[in-house]
Amino acid sequence: MRHCLRAGLRVYLIEWEPPGEAQQDSGLSEYADRLILDCLEQISLETGQSQIFLAGHSLGGTLAAIFCALHPERVKGLILLGSPLGFGSSSGILASFVAASPKTSFLTAALGNVPGSFLSIVSGTIAPVPLGFDRWLDWILSLRDRHARLTHLRVVHWTLEEMPMAQHLFEEVVEKLYREDRFLSGTLRVGGKLALPEQVTASVLSVVDARCRLVPPQSVVPFHQAIRHPDSQLLWYEGDTGVALQHVGMLVGRQAHLHIWPQAIRWIQTHS
């Protein structure tokens, strides 16, 4: 956000709020369609602009890509950062785990909205190396560098602010995306509408970490092959020390600030 503001861009942040009991039934129809569209309508009223650049990290990028497929006329450019889009068996350790797991209804029937602490425990169990061992190794490597050490601690603090996920959204993300890979296979329906990657007409910039085991390149590249825009591109992130979790390094890492975000800003300016 700081890079965008310095470049003279107008920035809006969609805040993800903890769901209450009334939001248990909120799923992709809300999080990947209506809620984003409501935000865009307010931005349009304030600025008079009907098209925007939409950016999202991790699951936020997945939801943004689905929105672009549902409303291509509203998005001029799409920036995806470590965002899983294809969920086949070779698309990371989370997809492999889900494929071997029972249906989510056995879990959510007891939990309702899924607690953030539960998501953290499960994620750490599935991916102990990137979410556990790598984090401690990063701390050791950061000890001699004050900037890296402080960034590491800030990321760890952020991970402790565990956010619950709405019950229906959790069920749809696990079942329709991870287990059935409906988005890239062209069978995902959101609110009765098909969300097809080839319906995305915006130019797309994807930031990808080739070493990432949570969102590997094979979870991203097929989406670029499916969309129509000829000017979309991949931007490769090579990692950082002092980010605790490499999955968020492309947002907060020193190398990301030096290389990734200046390139992303130039990409936005070029496509404006």
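In this predicted model, Ser26 is in contact with Tyr31, Ala166, His168 and Leu169, if its neighbours within four places in sequence are left aside. Ser26 itself is found in the loop that lies between helix H1 (2-6) and helix H2 (28-47). With a relative accessibility of 12%, Ser26 counts as buried, because buried means under 20% relative accessible area.

Helix H7 has 15 residues, and the distance from its first C-alpha to its last is 20 Å, which is close to the 21 Å expected at 1.5 Å a residue. Even so, the helix H7 bends by about 35° at Asp134.

Some residues of helix H7 are covered: its buried residues are Pro130, Asp138 and Ser142, and these pack against helix H4 (93-99) and helix H8 (146-160). By contrast, Val129 is partly exposed, with a relative accessible area of 34%. Together with Phe133, Leu137 and Leu141, Val129 makes a nonpolar surface patch of about 370 Å².

| Residue | Relative accessible area | Class |
|---|---|---|
| Ser26 | 12% | buried |
| Val129 | 34% | partly exposed |

How values were computed:
Residues numbered from 1 in each chain as written. Predicted model: local features only at pLDDT ≥ 70, side-chain atom pairs only at ≥ 80, totals over all residues. Heavy atoms only, no water. Patch = residues over 30% accessible without salt bridge, like charges linked within 9 Å, V, L, I, M, F, W, Y side chains within 5 Å. Areas by Shrake-Rupley, 256 points an atom, 1.4 Å probe, with all protein chains shown as cover. Salt bridge = Lys/Arg side-chain N within 4 Å of Asp/Glu carboxyl O. Buried < 20%, exposed > 50% of the residue type's maximum accessible area, 1.4 Å probe, protein only. Helix = DSSP H or I, 4+ residues; strand = E, 2+ residues; numbered from the N terminus. Expected span 1.5 Å × (residues − 1). Bend = angle between axes of the 7 residues up to and from the residue. Contact = heavy atoms within 4.5 Å.
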